[in-house]
Amino acid sequence: MSVGLTLSAPLDPLALPGPVWVVAPHPDDEALGCGALLAALTDAGREVWALLLTDGGASHPASLAYPRPRLSAERLREWRSGLSVLGVPPARTTALGLPDGALAGSVTPAARSQVWQALAQAIPGTVLLPWERDPHPDHRAAWRLLHGTLPPGALALEYAVWLPERGAEADWPRPDEAGELTFEVGRWRDAKARAIAAHRTQLGLIPDDPGGFTLTPEMVERALAGPERYFRRSYGFRLIPAQSGKRRLCIHIA
Ligand SMILES: [Zn+2]
């Protein structure tokens, strides 16, 4: 369900300026939110880079088997493994190691400088980042960290991870705020499923913290069923009259 959206159109991966960067607050967000699009891009020979903001070490705080340093190291391996499935090689990945669960405290000039240095490895034509009001505090902090940090001219598409699952009506884009681009998972379902499956620590691997985070089969199936949703700010959309006299959507990607 999407609330309040009036503009929606299919996303054409080949229309996205490159290189394309995906920014993930946690390891697994890129697979859950963008896995099919990333697979489609690399399948078409497009250059994709990935930036991981947090250390991912807060998902199982009570585990003795996976204390935070071990969990963070394992999640970083899972992240790179999942991205490899999607065609993004480890050499095009950067992890900042900011604190999982407390990213809001890291929206600082120093962290913005780290983000900028990472993106400078391949100045992005397109950046996929979390939707401003995706209902997770770290996702919202990620948006604030990236906001104002992106290079001029980069196309920003904001992806949703938890919005369909947990979002309140006010969390969805307003009609005057952003339009929706959708990407069907389709033929990239298998690649997306394998990328999600790489995140074993989030899928029941850790047995000694029952209160730890686990992706449920329902969450995984929702991500695989799609479509993936990307929001673009309204200034990128323009309504022009079609010959029929009706109005149609034109998406300008400059
Ligand atoms: Zn996340």
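**Overall fold.** I started with contacts (heavy atoms within 4.5 Å): residues 24 or more positions apart account for 82% of those in the chain with a separation of 6 or more. This is a predicted model, so I kept in mind that local features need pLDDT of at least 70 and side-chain atom pairs pLDDT 80 or more, while totals for chains, interfaces and linings use all residues. Residues are numbered from 1 along each chain as its sequence is written, and side-chain values use heavy atoms, with hydrogens and water left out.

I looked up the secondary structure next and got seven helices and 10 strands. These are DSSP runs numbered from the N terminus, helices being H or I with at least four residues and strands E with at least two. Of the 254 residues, 53% count as buried. For accessibility, buried means under 20% relative accessible area, exposed over 50%, and partly exposed in between, with a 1.4 Å probe and protein chains only.

**H1 against H6.** I checked how helix H1 (residues 29-43) sits against helix H6 (residues 189-197): their axes come within 9 Å and cross at roughly 140 degrees. That makes H1 oblique to H6. The axes are lines fitted to C-alpha atoms, for helices over the stretch in contact, and angles run from 0 to 180 degrees between N-to-C directions. Under 35 degrees is roughly parallel, over 145 roughly antiparallel, 65 to 115 roughly perpendicular, and the rest oblique.

I then listed who touches whom: H1 brings Ala31, Leu32, Gly35, Ala36 and Ala39, and H6 brings Ala191, Lys192, Ala195 and Ile196. I sorted them into seven nonpolar, one polar and one charged. In that scheme Ala, Val, Leu, Ile, Met, Phe, Trp, Tyr, Cys and Pro are nonpolar, Asp, Glu, Lys and Arg charged, and the others, Gly among them, polar.

**Salt bridges.** Side chains of opposite charge can pair when their charged atoms come close. I counted 17 salt bridges, taking a side-chain nitrogen of Lys or Arg within 4 Å of a carboxyl oxygen of Asp or Glu.

Lysine 192 turned up again here, paired with glutamate 228 at 2.9 Å, N to O. Glutamate 228 lies in strand S8 (residues 228-233) and lysine 192 in H6, so this pair ties together parts that are 36 residues apart in sequence. Are these two buried or exposed? Glutamate 228 is buried at 2% relative accessibility, and lysine 192 is buried at 0%. I also noted one network of bridges with shared partners, joining Glu132, Arg133, Glu158, Arg174, Asp176, Glu177 and Arg233.

Aspartate 190 and arginine 194 are both in H6, four residues apart, about one turn, with closest N and O atoms 3.1 Å apart; arginine 194 is partly exposed at 43%. In helix H2 (residues 68-85), arginine 77 and glutamate 74 are three residues apart and bridge at 2.8 Å. Arginine 77 is exposed at 52%, whereas glutamate 74 is buried at 17%.

Where did I find cis peptide bonds? One joins glycine 18 and proline 19, omega about -10 degrees, and proline 19 is in the loop between strand S1 (8-10) and strand S2 (20-24). Another runs from glycine 226 to proline 227, omega near -5 degrees, with proline 227 in the loop between helix H7 (217-225) and S8.

Last, I looked at aspartate 28, a non-glycine residue with positive phi, near 120 degrees. Aspartate 28 lies in the loop between S2 and H1 and is buried at 5%.
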